[in-house]
Amino acid sequence: MTLAERETQVVERVPKQLFVGGTWREARSGAVFKVEDPSTGSVLCEVADAGTEDGFAALDAAVAAQPSWAKHAPRERGEILRRAYELLMQRQEDLALLMTLEMGKPFAEAKGEIAYAADFLRWFSEEAVRIEGGYSISPNGQARFLVMRQPVGPSMLITPWNFPMAMGTRKIGPAIAAGCTMILKPAQQTPLSALALADILREAGLPEGVLSVLPTSDAGGVTEPLLRDGRIRKVSFTGSTGVGRKLLEQSAEQVLRTSMELGGNAPFLVFDDADIDAAVEGAMQAKMRNIGEACTAANRLYVQSGVATEFARRLSERMGALKLGRGTEDGVQVGPLIDAKAREKVQSLVDDAVGRGARVLVGGSAGDGDGYFYRPTVLADVPQSSELSTTEIFGPVAPIISFDTEDQALAAANDTEYGLVSYLYTRDLNRALRVSEALETGMVGLNQGIVSNPAAPFGGVKHSGLGREGGTVGIEEFLETKYIGVGGV
Ligand code: NAP
């Protein structure tokens with residue numbers, strides 16, 4: 001089979017309808033919207049376009065399924081997740097190709113994301129049977145306290161386009177483990193991975209109504225009435241800080257539990273005493289994973305003056321050697337950006353920095369072809385006043401800013417409303433701990449350029465969000481605590 005035939009096949013196999021209450025069906029209005037391949041600008045397929053009525057149908061299904069799902073044996077909930085993990089891994093190649101087609105990331109990276117996404121299901125399959133409570137005696141000895149954990153209830157999950165599978169499993173995994181029913185609204189640009197995931201969970205034995213998936217071209221029109229309805233009890237969102245803020249406002253009305261994984265503006269600090277080879281390697285990962293379209297992407301590279309020139313030279317060599325192209329082609333390391341608007345934003349940030357005195361060491365312009373390609377770019381001597389320093393770039397651009405002292409580096413790193421992740425390269429143990437403690441972020445990559453792992457608590461502080469996903473705390477977001485005071489013992 002040729003690659004073109006395989007591409008057609010993986011797209012054809014995915015259900016294109018809404019998944020509501022355990023069945024696939026068209027939108028009530030009959031509407032559809034188009035899904036595009038960002039590497040060519042061509043249309044891949046059309047999918048059903050949910051409206052408000054479909055949202056309420058999914059909510060009714062979630063509410064109806066909640067009581068029996070909450071009583072489902074934890075071991076069985078875990079086993080459904082385990083089977084889904086195995087199915088994802090068995091179909092890794094096809095799912096990765098599908099993701100590359102709708103999102104643009106290189107095939108090898110898409111395969112990596114399928115494994116990462118599947119791992120959340122495996123992790124939470126193990127957590128489902130470890131929901132614990134407590135027993136204690138009141139301080140005056142006259143009562144007993146029983147503490148139990150219960151599912152929060154029907155949950156609204158909203159995910160972005162940049163990790164179309166992993167952002168779904170990072171929420172679905174703990175919701176299933178905790179015994180919550182849920183409605184997933186995937187990003188409009190990448191609904192296919194979410195639809196494929198829904199079909200896998202159905203095949204793995206997820207009961208009807210526990211999960212509904214609603215692709216839509218009217219995100220707010222579908223989700224806002226549900227958040228204001230009162231029967232949804234939780235919203236878990238990954239996306240931009242602006243949309244997160246809106247959802248927090250909407251959630252206030254019914255006092256919903258919220259988890260918010262929002263934007264980032266990660267500083268990447270390299271000190272004179274760092275292992276420069278490791279720092280360049282780490283910068284390549286932290287900057288170029290997912291074409292730079294990651295909330296964890298290194299957005300500002302602060303390099304101490306003694307090594308700044310050498311670091312910039314080596315990073316430029318590596319960035320300039322990367323192969324740009326359609327993610328399905330052999331050896332391609334950098335795919336297209338998600339759309340024309342994203343590419344225009346990246347270009348305008350580069351132009352702004354250059355206008356303020358930054359030097360382009362490599363790249364600095366759009367790539368060839370019909371897709372939304374942008375060349376891997378390194379900028380040196382970037383003034384701290386550049387828009388790049390305060391805006392999430394979401395593209396393959398590495399701005400280098402040099403510094404003299406640790407205090408200067410820390411002040412610059414923390415000079416942002418965001419606080420998701422920071423990276424730090426040093427061989428001095430005391431500095432490593434001192435700086436890690438002082439960085440105002442939820443995560444720190446210490447001598448490593450990647451922080452994402454299902455077994456670790458992922459999340460940010462400040463405007464980067466509320467709550468954590470993954471690790472042993474990930475399931476907490478979907479559990480309530482109830483205590484029973486027992487008298488007369
Ligand atoms: P976005 O525009 O905020 O969209 C995210 C999701 O929210 C999409 O499903 C989107 O639907 C939906 N949405 C948009 N407006 C909405 C509204 N008014 N009501 C309800 N839902 C709405 O973000 P994005 O551009 O897709 O993703 C990039 C952002 O996500 C970046 O800021 C990145 O840092 C952040 N992110 C954070 C993390 C983390 O863990 N902290 C991880 C990945 C990404 P449509 O697609 O239909 O617009």
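1. Basis. The structure is a predicted model, in which local features need pLDDT of at least 70 and side-chain atom pairs count only at pLDDT 80 or more, while totals for chains, interfaces and linings use all residues. Residues are numbered from 1 along each chain as its sequence is written, and side-chain values use heavy atoms, with hydrogens and water left out.

2. Shell around the ligand. The ligand is surrounded by 29 residues, the closest being Thr159, Arg170, Ser240, Leu262 and Glu392; a residue is near a molecule if one of its heavy atoms lies within 4 Å of it. The shell comprises 15 nonpolar, 10 polar and four charged residues (nonpolar: Ala, Val, Leu, Ile, Met, Phe, Trp, Tyr, Cys and Pro; charged: Asp, Glu, Lys and Arg; polar: the others, Gly among them). At least two shell residues come from each of α6 (166-178), α8 (219-229), β10 (234-238) and α9 (241-253), and α8 provides the largest share, three residues. Helices (H or I, at least four residues) and strands (E, at least two) are DSSP runs, numbered from the N terminus.

3. Polar side chains at the ligand. A polar side-chain atom of serine 240 lies 2.5 Å from an oxygen atom of the ligand, and for tryptophan 161 the corresponding distance is 3.1 Å. In glutamate 261, a side-chain N or O atom is 3.5 Å from a ligand oxygen atom. The ligand taken alone exposes 900 Å², of which the protein buries 86% (Shrake-Rupley method, 1.4 Å probe).

4. Largest pocket. The ligand takes up the space of the largest pocket (more than half of its atoms lie within 2 Å of the grid points). On a 1 Å grid over the protein atoms alone, a pocket is an open set of points with protein on both sides within 12 Å along at least five of seven lines, a cavity is a set where a 1.4 Å probe fits but cannot get out, and lining residues have an atom within 4 Å of a point. The lining of this pocket has 43 residues, with Pro160, Trp161, Gly239, Ser240 and Val243 nearest its centre. α9 contributes the most to this lining, seven residues.

5. Cavities. There are three cavities of 30 Å³ or more, a volume being the space filled by probe spheres set on grid points joined across faces, edges and corners.

Note on methods
A polar contact is a pair of N or O atoms within 3.5 Å; within protein, one must be able to donate a hydrogen and the other to accept it, and residues adjacent in sequence count only if both atoms are side-chain atoms.
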